[in-house]
Amino acid sequence: MFEINTTANFEAAHRLSNYAGKCNQLHGHNWKVELNAKSTTLNENGFVYDFTNLKKILNEFDHKTILKNNSENKNITKTYPKEWVIWLEFEPTAEQLAKYICEKIFTNTNLDFLKITVWENEKSCASFEQHTS
């Protein structure tokens, strides 16, 4: 089985709408995303997964404000240019972002295993993994 690892970064703001604490306020992170993938086969280019595809996915978030699509957040961002905000159907926690990125990659590949770890800072991260049965 082949195994690869890579990391990529993006900078973005977010807030947790239903959180009773500081993370309820709009704040930013220098996010780091780690990818660990395994496959028994290689794609047509001889890769388990093309590393540049992870960066393309993360560019969706880079220098944006990531928010759950709700009326409170719509009100907060009403003066923002439309292209500054990424609207999601879930709270943008590290856990949920790891799941979102993992599912987006896994469904479009022939990977046997994929683990995505999202770091908000150097001490705090969350992971989500998928594998074939």
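C125 is partly exposed, with a relative accessible area of 40%; partly exposed covers values between buried (under 20%) and exposed (over 50%), using a 1.4 Å probe and protein chains only. C125 takes part in no disulfide, and the nearest cysteine sulfur, in C102, lies 14 Å away. A disulfide here is a pair of cysteine sulfur atoms within 2.5 Å.

C23 is also partly exposed, at 26% relative accessibility. The closest cysteine sulfur to that of C23 is in C125, 15 Å away, which is too far for a bond. Searching the whole structure gives zero disulfides.

## Model and confidence

You are looking at a predicted model, where local features need pLDDT of at least 70 and side-chain atom pairs count only at pLDDT 80 or more, while totals for chains, interfaces and linings use all residues. Residues are numbered from 1 along each chain as its sequence is written, and side-chain values use heavy atoms, leaving out hydrogens and water.

The mean pLDDT, the predictor's per-residue confidence from 0 to 100, is 95 for the protein, and 100% of its residues reach 70 or more.

## Overall fold

The protein has three helices and six strands, in the order β-β-α-β-α-β-α-β-β from the N terminus. Both kinds of element are DSSP runs numbered from the N terminus: helices are H or I with at least four residues, strands E with at least two.

The C-alpha atoms fill a box of roughly 50 × 30 × 25 Å along the principal axes. Of the 133 residues, 39% count as buried. Among contacts (heavy atoms within 4.5 Å) between residues at least 6 apart in sequence, 58% join residues at least 24 apart.

## A positive phi

H63 sits in the loop between α1 and β3 (64–68). Its phi is near 55°, a positive value in a residue other than glycine. For context, most residues other than glycine have a negative phi. H63 is exposed, with a relative accessible area of 57%.

## Largest pocket

The largest pocket has a volume of about 310 Å³. On a 1 Å grid over the protein atoms alone, a pocket is an open set of points with protein on both sides within 12 Å along at least five of seven lines, and lining residues have an atom within 4 Å of a point. Of the 18 lining residues, N43, Y49, N53, N108 and T109 are the closest to the pocket centre. Helices α1 (51–59) and α3 (94–106) are the elements that each give two or more residues to this lining.

How values were computed
On a 1 Å grid over the protein atoms alone, a cavity is a set of points where a 1.4 Å probe fits but cannot get out, and a pocket is an open set with protein on both sides within 12 Å along at least five of seven lines; lining residues have an atom within 4 Å of a point. Grid points are joined across faces, edges and corners, and a volume is the space filled by probe spheres set on the points.
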